[in-house]
Amino acid sequence: MSTNYEIGAVVAGKVTGIQAYGAFVALDESTQGLVHISEITHGYVKDINDHLKVGDEVQVKVLSIDEAKGKIGLSIRATEEAPERTEAPANKAPKKRQAAVKTSTNTDSSEGFNTLKDKLQEWIEQSKREDLIKK
């Protein structure tokens, strides 16, 4: 890193490479940094190629510098004004989800859902039956 950059500085750069995880930006002839995919723009970025291409001139903000590893973290998003958040209209109520309730008129205890209390007496009777007890 021949030129010393400071964290927070906004500098011009040129996109030199694009990967799935981010874009490499040359700050000068010997210094290059990475703009992580989350720092490309405000909002969700599915494909960096939809926003940048090799050779694009961009303004980037220096987020981090690791002298030992020779890495510089950059952000294009930090140089842009954040879009205004659009609020949901006050008169629009949120969607409500409804659960389907299946009611059964079947009173036969062998089918359907029964609570433990309903089955307890049946289990006690079964435990007393000699033909069900393993020997």
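In which sense do strand β1 (residues 10-19) and strand β4 (residues 57-66) pair, and over how many bridges? The two strands pair in the antiparallel sense, over five bridges. The legends below describe this pairing and other close-up views of a predicted model.

**View 1. Strands β1 and β4 lie paired in the antiparallel sense.** Strand β1 covers residues 10-19, and strand β4 covers residues 57-66. Two residue pairs can be picked out along this pairing. Ala12 stands opposite Gln59 of β4. Lys14 has Glu57, also in β4, as its bridge partner. In a regular strand, side chains alternate between the two faces of the sheet.

**View 2. A hairpin connects β1 to β2.** Strand β2 is made of residues 22-26, and its pairing with β1 is antiparallel, with five bridges. For Ile18, the bridge partner in β2 is Ala23.

**View 3. Strands β4 and β5 form a hairpin with four residues between the strands.** Within this hairpin, Gly70 takes a positive phi near 70°. Strand β5 spans residues 71-75 and pairs with β4 in the antiparallel sense over five bridges. Val62 is placed opposite Leu74 of β5.

**View 4. Strands β3 and β5 run parallel.** Strand β3 consists of residues 32-36, and two bridges join this strand to β5. The bridge partner of Leu34 is Gly73 in β5.

**View 5. Five strands close into a barrel.** Going around the barrel, the strand order is β1-β2-β3-β5-β4, and the pairing is mixed. From one strand to the next, the twist averages 50°.

**View 6. A nonpolar patch lies on the surface.** The patch is formed by Leu116, Leu120, Trp123 and Ile124, which together have about 400 Å² of accessible area. Leu116 belongs to helix α1, a helix of residues 116-128. Is Leu116 buried or exposed? Leu116 counts as exposed because its relative accessible area is 61%, and the cut-off for exposed is over 50%.

Technical notes. Residues are numbered from 1 along each chain as its sequence is written. This is a predicted model: local features need pLDDT of at least 70, side-chain atom pairs count only at pLDDT 80 or more; totals for chains, interfaces and linings use all residues. Side-chain values use heavy atoms; hydrogens and water are left out. Patches are made of residues with over 30% relative accessible area and no salt bridge: like charges are joined within 9 Å, nonpolar side chains (Val, Leu, Ile, Met, Phe, Trp, Tyr) within 5 Å. Accessible areas come from the Shrake-Rupley method with a 1.4 Å probe; for residues, only the protein chains shown count as cover. A salt bridge is a side-chain nitrogen of Lys or Arg within 4 Å of a carboxyl oxygen of Asp or Glu. Buried means under 20% relative accessible area, exposed over 50%, partly exposed in between (1.4 Å probe, protein chains only). Two strands pair if DSSP finds at least two bridges between them. Axes are lines fitted to C-alpha atoms, for helices over the stretch in contact, and angles run from 0 to 180 degrees between N-to-C directions.
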